[in-house]
Structure formats: structure tokens, C-alpha cells
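Biologist: I would like to learn how to read the features of a protein model. Please show me one, and we can go on from there.

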Amino acid sequence: MKLLIILPSTQRGGAEEYVLKITKAALQAEVEIQVAFPSTSDTASLINDFNQQNIKYHPLDIGNVEGSKLALVRASLFRLLRIGKLLLTVKPDVVLLNLPAHHLGFIILWACGLLKVPTAVVFHLIPFSISFSQSKLRAYHWAKARNQAWITISDYNRRYLAQEFNLAPEEFYCIYNGIEQRSPIIKSQTEQNKLRPKIKQELGLAETSQLLLTVARLHPQKGHDYLIPIIPEIIAKFPQVQFVWVGDGEYQAHLKNLLREYKVETQVTFLGYREDIWHLLSAADLFLFPSYQEGLPFAILEAMVSGLPIVASDTGGIPEMITHSSSGLLFSTGDSQQLQQQLDWALTHPAEMASMAIAAKVAVQKFSEAKMLEDTWSVLDFLYKS
């Protein structure tokens, strides 16, 4: 099988990490892989990861266009030709179109339908509701009928996408994101206890610090902004707390200004993009995830595997991962007051949170990387043989 993976991604996040997992499995199966996505400063590390695996990369210019309706039509035609040229050059047996948001990639999806290239379309995130016109819906349905399989990563997303695209939920495969079922670096509690002070020292933090770790792009979607106003009250009650934020993004300057406004800039450590997430998880005391919108985030799966207590918003597929008060604490998305209440409770009840973390390590077995890959390759193989 010759597989072409296309991502209309200008940033690196969970949807892009998903592709790395797929390509790793494909290489082991000796499948020929090529990838295509935009070259930006935020995707440079992703390009490097593919280069290191000797996977051929195609720059894909699909920049946003503003202007008149005529300019938009002209730009769409150029994109269609560009995608068509890519498909005719690579001649893939199957395309995997990986969409970080459901409104992206229409031209790519339609081009695959036009050339009737077998295509699996993976929808990761629903950032907002869209009222598609009847003509747009017909175009989507026409493309889907031309040898396409549409995949979503949570039951919540499947139901929502069915409404958005005016389709039955059964028209979508639901394949949960998955993760390896043990930390690749921590084999015992003794090893973790040794690693904790080392990591804190590397970060320039006191050994007595309580680390509240958030792994997410610095983007309005991720909810850092409604966390900041409650930091002063959390710090006043729990002075050893230090917020550690992993991730890059265009929102960093805004967030730093907001932290200065609330006079808590010293309570937050920005680490940028990191490849040692498992080390940081082992050193943290609590995983905090205040996102506004999510599909089924790998970041939470990693925290579950690590046995780290979790406080998260109840957006998207997260309630399918975390059962409130059983395997973690959930709060209403965007509600600063509820977030503060749950953090206060979590920091006051460490024993109960530790019990929830144990329950989460059991619950995460439902989200197996092996099953995700098996189910995804089953769809790709079906398309290849059809």
C-alpha cells in the first residue's frame, strides 16, 4: 500500500501527534508513506520528525484567503489544482486526510472525491457549529459517496458531526484515540521519587513546590485565560503551588500580559514545546486541563497512564475518558468559579485524588494504542481493497 497522509495543519497539537502514531505503525508494516502539510514555524518540529523517519514530505500551501467572493472562488480553484497535482504525482493507493477541525480541508476532501482516490477522513475537533448550505452539504455527501470513510474519535463528536453534516451517526466510524498502557520511563515508584526532585531542580523550582501541569498549545481554545484570574486565590491558600505550562503558540504574549495584570507571573513557568513530557508528568502533583474545546486529547491519556490526578473541563469527549469524582474531577467548561472549587478540593484532598488517579489508570485501558491502530488500519485496508 502507498499511503499519502494530508494535514491542513499550520500548528502542532494532538491531531498531529495522532499522525505520528499512525506513521510509526505503517513503517513497521512496511507501508510506503508520504505526508503533505503546510510548512510553518509551528510545524517545523513535525517536519523534522518525519525527515528523521525518512518519510517524504510535500509542502502544502493552503493559506487563508480574504477578499471578494471572486477572490475566494479563484483561490479555491488554485487549491483544487494544487491538491489534484499532488494526488496525480504521488498516485497513492489510499489517502488519510487528518482534520484538526471539522470545517477544514473541504477542498482536499472534494479533490479526493473528484479523482475517486480511496480516502479515510479523520475528524478530530469541533471548535464551533457550522450551518452548511444545502449546496455545501450536497458536495460533502457526493465526495463521501466516492469511496470515502469518515472517522471520528469520540462518541460525542460522532453525534455532533452527524448533526452538522445531516447524516446518521452510523455513517461515521468511531475510533478512540489510544496510547501505550505504561509510561516509557517510569517503571517503579522508587524511580519516580528519584526523578521528582531532579526535574524540579532543572526547572529552577523548590523541591517543596506542588506542580500543577498543563500540556496544551498556547491558544485561545485551551482555556488558560479563565484559569489566570483564579491563580491569586489559589496561591494565597496554597503558597507552594507552581503552575507549569508546556506548549508554544501565538497566545503567549497575551497570557504573559494577563499574568502581569494579576501579579502572578512568578507563579507560572512557561516551558514551550518539550519532548520530555513523560518526565514532567512524573514530577507533577496534578494535571490541569481547562480547555474550551477538545476531541479526545492525548494529553489527558498520558496523564491517566502516568497515574497523575486530573482536573479537567467537561468539553467534547473528555467525559468519555474521565468519570467525575471517580477517575478525576470535571468542571463546567469556561467556569472559573467551578474550576477554583475543584482545584481547592483537589489540593485539600490528596489521598482521594490519588485514589482517583489509580482508577484512571484502569479506565485508560479502554483507550489502547494497539486497538486504535488495529481499527484504523482495518478501515485503510478496506479502502485499499475496495
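Biologist: How far apart in helix α16 are Asp-375 and Lys-371?

Modeller: They are 4 residues apart in helix α16 (residues 369-385), which means that about one helical turn separates them. Helices (H or I, at least four residues) and strands (E, at least two) are DSSP runs, numbered from the N terminus. This is a predicted model, where local features need pLDDT of at least 70 and side-chain atom pairs pLDDT 80 or more, while totals for chains, interfaces and linings use all residues. Residues are numbered from 1 along each chain as its sequence is written, and side-chain values use heavy atoms, without hydrogens and water.

Biologist: What do the side chains of Asp-375 and Lys-371 form?

Modeller: A salt bridge, at 3.0 Å from N to O. The term stands for a side-chain nitrogen of Lys or Arg within 4 Å of a carboxyl oxygen of Asp or Glu. Asp-375 has a relative accessible area of 25% and is therefore partly exposed; Lys-371, at 45%, is also partly exposed. The cut-offs are under 20% for buried and over 50% for exposed, with partly exposed in between (1.4 Å probe, protein chains only).

Biologist: How many salt bridges does a search of the whole structure find?

Modeller: It finds 13. One of them joins the side chains of Arg-196 and Asp-285, at 3.4 Å from N to O. This pair links distant parts of the chain: Arg-196 belongs to helix α7 (residues 189-202), and Asp-285 to the loop between α11 (277-283) and β11 (286-289), 89 residues away. With 22% relative accessible area, Arg-196 is partly exposed, and Asp-285 is partly exposed at 29%.

Biologist: Which residue forms a salt bridge with Asp-344?

Modeller: Lys-237 does, and the closest N and O atoms are 2.9 Å apart. Asp-344 is partly exposed at 21% relative accessibility, and Lys-237 is partly exposed at 48%.

Biologist: Which residues form a nonpolar patch on the surface?

Modeller: A patch takes residues with over 30% relative accessible area and no salt bridge, joining like charges within 9 Å and nonpolar side chains (Val, Leu, Ile, Met, Phe, Trp, Tyr) within 5 Å. Here Leu-88, Leu-114, Leu-115 and Trp-142 form one, with about 360 Å² of accessible area together (Shrake-Rupley method, 1.4 Å probe, only the protein chains shown counting as cover for residues). Leu-88, in helix α3 (residues 69-90), counts as exposed because its relative accessibility is 53%. Leu-115 lies in the loop between α4 (106-114) and β5 (119-123) and is partly exposed at 36%.

Biologist: At what angle do the axes of α4 and α5 cross?

Modeller: Two packed helices are described by the angle and the distance between their axes. The axes of α4 and α5 (residues 134-144) cross at roughly 45 degrees and come within 8 Å. α4 is therefore oblique to α5. Axes are lines fitted to C-alpha atoms, for helices over the stretch in contact, with angles from 0 to 180 degrees between N-to-C directions; under 35 degrees is roughly parallel, over 145 roughly antiparallel, 65 to 115 roughly perpendicular, and the rest oblique.

Biologist: What is the phi of Ser-325?

Modeller: Phi of Ser-325 is near 70 degrees, a positive value in a residue other than glycine. Ser-325 is in the loop between α13 (318-321) and β13 (329-331) and is partly exposed at 46%. Lys-116, not a glycine either, has a positive phi of about 55 degrees and lies in the loop between α4 and β5.
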